[in-house]
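Here are some notes to read alongside the model.

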Amino acid sequence: MSRVAVTGLGLVCALGNNVAECWSRLAAGCCGILPLEDPGSPPYKFSRGAQASAFHPLDHFSEKDLLLLERFAQLAAVAAREAVAQSGLTFTGELADRSAVITGSSIGGQFSEEDGYIRLYREKNSRIAPLTIPRTMSNAGASRISLEFGIHGPVYTVSTACSSSNHALGQAFSMVRSGQAIAAIAGGSEAVFAEGLLRAWEAMRVVSPDVCRPFSVDRRGLSLGEGAGMLVLENWDHAKARGIPILGEIVGFGMSSDAHHITQPCVEGPVKSMQWALRDAGLSAGRIGYINAHGTGTLANDLIESQAIRQVFGAQVDSLPVSSTKSMHGHTLGAAGAIEAIATLLTLRHGIIPPTVNFTTLDPACSLDVVANEARAAAPEYALSNTFAFGGLNVSLVFQR
Amino acid sequence: MSEQSASADLGTRVMEVIAKTQRIPLESISLDSTFEQLKIDSLDGINIVFALENEFGINIPDEGVQTMRSIGETVEGVRKLLAEKAAESEDRPV
């Protein structure tokens, strides 16, 4: 079993086009949940979203490349470029054969599919754009990354709704730890601002009409966001031998399924994923100094997650800082785990806990030490990050400074 | 319009479609160019066929696609399909 170093980070979301921009805004408590560029007609019941408005595809790809790349795959590739550049890795020889790319995406390419349906059902035109299949496949991002960097090892995509990229990171972590891979590019990406998808979320009645306020008593739901997070995970000795800076370490991975209800969460599942992650890391609960919560801002999630955290961490909860960075970058679905993993690693690295913004008054049923509205200085050695998905799928990861 | 200039027009229109689809300058394409020379792969071919069908209002059968390897062959293929289309509309009872 090898230790697993993180040697590269890449991030694109509503808060910026790279890790430095996003981190400065996370630490400053900036909310990226802004009025929608297209409010819908008739207007959606929610007026805001966390759109990556500064991400312009032509800054990163040729027009010809874009024929094959939907926005979620573009985001994935750009985040991967930043992460790989930071790692300094060049994938040749044995490293190319023994490196992995594992991405998460909940929905894959939605835009081409919707365009096709408009032609087919509205315009009664049966001729669909010829590259719809390779554009929409959920592994388009993973395959693009593999092609760009010449990676020949295991390359695939995990789709488990909002836990997709935590599952992807956990899989990559397991592969590097076991020696199956020397390095892995892992994370996730999502591009959610497609009309059909937004209408479907509207119909679920879980999107906040204004902003998301995790753990606040007056919270009204989640805010959708788009983006990508990618991490380079690397065999510890391989990274050490290269003499490059190690940005942090993944030390524990736990997952569970509620087997309870397709959308209603329950306490037992999240408790198990957190307990398994702690056990996997060989740590007692008392060693964790920060939790980056799933914290969607829905009534059900925040209540259940609070209860689960209290069950796992006991009385220590009163002085265990928790925040939900979704209040700033939105709920990016299949990218959520990866973006929040980066936020968690940077928390450990910089000793600054990014806040839960838009916070009003703590819901008494969510009795946690919520880092509210302003960042807090702290120097934890270990932190835990949760994702819980529709379908009852829970993943917790433990990171070390 | 003479047969020769109609033929030149068709060739130009086909090359314009290909230039636009491939995002390459029209000047880089001639009737003698092969797909290989223009670095047009099978996926590009699918896009080009789709664009040609839209441009000329024709249906290019799958087996037709596989035999097109150059601009000249493509223009000939389109010419044949346009002729078939014209003949069909003439045969149609009034």
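1. Buried area here is the accessible area (1.4 Å probe) that two parts lose on being put together, summed over both. Chain A and chain B bury about 960 Å² between them, with 57% of it on carbon and sulfur atoms. On the chain A side, A:Lys64, A:Arg127 and A:Pro130 lose the most area to chain B, together 56% of what that side buries.

2. A word on the basis: this is a predicted model, where local features need pLDDT of at least 70 and side-chain atom pairs count only at pLDDT 80 or more, while totals for chains, interfaces and linings use all residues. Residues are numbered from 1 along each chain as its sequence is written, chains are lettered from A in the order in which they are written, and side-chain values use heavy atoms, leaving out hydrogens and water.

3. Which residues pair up in a salt bridge (side-chain nitrogen of Lys or Arg within 4 Å of a carboxyl oxygen of Asp or Glu)? A:Arg127 and B:Glu53 do, at 2.5 Å, N to O. The count between chain A and chain B is three salt bridges.

4. Ten residues of chain A are in contact (heavy atoms within 4.5 Å) with eleven of chain B.

5. A:Leu231 touches A:Val6, A:Leu169 and A:Ile342, among others, not counting residues up to four places away in sequence.
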